[in-house]
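Visitor: I am new to this structure and would like a close look at a single part of it. Please take me through that part step by step.

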Amino acid sequence: MKKFALHLTDQATGESEKVIGEFPDEEVVILEGFLENLQRLEESRLVKEGIPGGLKLHIDRDKGFVYEVELPDEDLILAFLHRLRRFILNEENSSYNRVTGIIAKRLSNDRIRSLIKNQRKVYDGRQFQSGILIQSNGVTVNSEKMLFDWLNSFEYHDDTTKREEIEKLHQLMPLEVSRAVFLMLLTEKVKAIYVIADFVALILGKIETLETKA
């Protein structure tokens, strides 16, 4: 068993509390794996240097909607997706969902659960959606569902049914527009992964202090 004792301090009020508990050995292995996978992810050039490119939309009086899309090199995208899959596929041993579930179960504390809850909004794109909502034919493009439909039909698997559904959405705009959006969603996932990784490192005693906003 891995025992831990965390001291939480509210920076606004100065109020402190102690959280103690323990993780079974098999869960410690999962948490360690999460940090090891982050090291692998950090070797990806898109993570080291940041994901370049972007998306601009504007309306032209004659042409209607005009899209300007800049995407990273295809090989860089594929390498990034390969290293990211250990976090975003639920069947993976140290996936983001499994690790955050373990933390929430073992650390029964409102502040910690608030942190996990808010990072979940970053991870699944809800925070991104609160700033901008992109829809095509009544379907929200910048959503967790559409992201995984794209991954399962074009990247990780070859789901022809989902591929056809996605292609129907792109009668009004090119697929490259959605790819840019999906990369933005994946960038949000990486942000949330880093926050949780710092918290895991604190639990495992790899760092002594951590400042974060719930």
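This is a predicted model: local features need pLDDT of at least 70, side-chain atom pairs count only at pLDDT 80 or more; totals for chains, interfaces and linings use all residues.

In which helix does Ser 153 lie?

Guide: Ser 153 lies in helix H7, which covers residues 144-155. Is Ser 153 buried or exposed? Its relative accessibility is 0%, so Ser 153 counts as buried. The cut-off for buried is under 20%.

For the setting, take the whole chain. The protein chain has 9 helices and 6 strands. Of its 214 residues, 40% are buried. Contacts across the sequence matter for this view. Among contacts between residues at least 6 apart in sequence, 63% join residues at least 24 apart.

Now the packing of the helix itself. Two packed helices are described by the angle between their axes and the distance between the axes. H7 packs with H9 at an angle of about 110 degrees, and their axes are 10 Å apart. That makes H7 roughly perpendicular to H9, because angles of 65 to 115 degrees fall in that class. H7 passes H9 in a left-handed crossing. From H7, the contact is made by Glu 144, Met 146, Leu 147, Phe 148, Trp 150, Phe 154 and Glu 155. From H9, the residues are Leu 175, Arg 179, Phe 182, Leu 185, Leu 186 and Lys 189. By class, this contact of H7 with H9 has 9 nonpolar, no polar and 4 charged residues.

Follow H9 onward. Helix H9 covers residues 175-203 and also packs with H1. Here the angle is about 135 degrees, with the axes 10 Å apart. H1 and H9 are therefore oblique to each other. Their crossing is left-handed. H1 brings Leu 31, Phe 34, Leu 35, Leu 38, Leu 41 and Glu 42 to the contact. H9 brings Val 190, Ile 193, Tyr 194, Ile 196, Ala 197, Val 200 and Ala 201. The contact of H1 with H9 has 12 nonpolar, no polar and 1 charged residues.

H1 has another partner. Helix H1 (residues 25-42) packs with helix H4 (residues 96-106) at an angle of about 130 degrees, with their axes 10 Å apart. That makes H1 oblique to H4. H1 passes H4 in a left-handed crossing. On H1, the contact uses Glu 27, Ile 30, Leu 31 and Phe 34. On H4, it uses Tyr 96, Arg 98, Val 99, Ile 102, Lys 105 and Arg 106. These residues of H1 and H4 divide into 6 nonpolar, no polar and 4 charged.

One last stop is the loop between H1 and helix H2 (45-49), where Glu 43 is placed. Glu 43 has 48% relative accessibility, so it counts as partly exposed. Leaving aside neighbours within four places in sequence, Glu 43 is in contact with Lys 48 and Arg 83. Glu 43 and Arg 83 are 40 residues apart along the chain, and their C-alpha atoms are separated by 8.8 Å. Their side chains make a polar contact at 3.4 Å.

Conventions. Residues are numbered from 1 along each chain as its sequence is written. Side-chain values use heavy atoms; hydrogens and water are left out. Axes are lines fitted to C-alpha atoms, for helices over the stretch in contact, and angles run from 0 to 180 degrees between N-to-C directions. Helices (H or I, at least four residues) and strands (E, at least two) are DSSP runs, numbered from the N terminus. Angles under 35 degrees count as roughly parallel, over 145 as roughly antiparallel, 65 to 115 as roughly perpendicular and the rest as oblique. A crossing is left-handed if the near helix is turned anticlockwise from the far one by less than a right angle, and right-handed if clockwise. Contact means heavy atoms within 4.5 Å. Ala, Val, Leu, Ile, Met, Phe, Trp, Tyr, Cys and Pro count as nonpolar, Asp, Glu, Lys and Arg as charged, and the others, Gly among them, as polar. Buried means under 20% relative accessible area, exposed over 50%, partly exposed in between (1.4 Å probe, protein chains only). A polar contact is a pair of N or O atoms within 3.5 Å; within protein, one must be able to donate a hydrogen and the other to accept it, and residues adjacent in sequence count only if both atoms are side-chain atoms.
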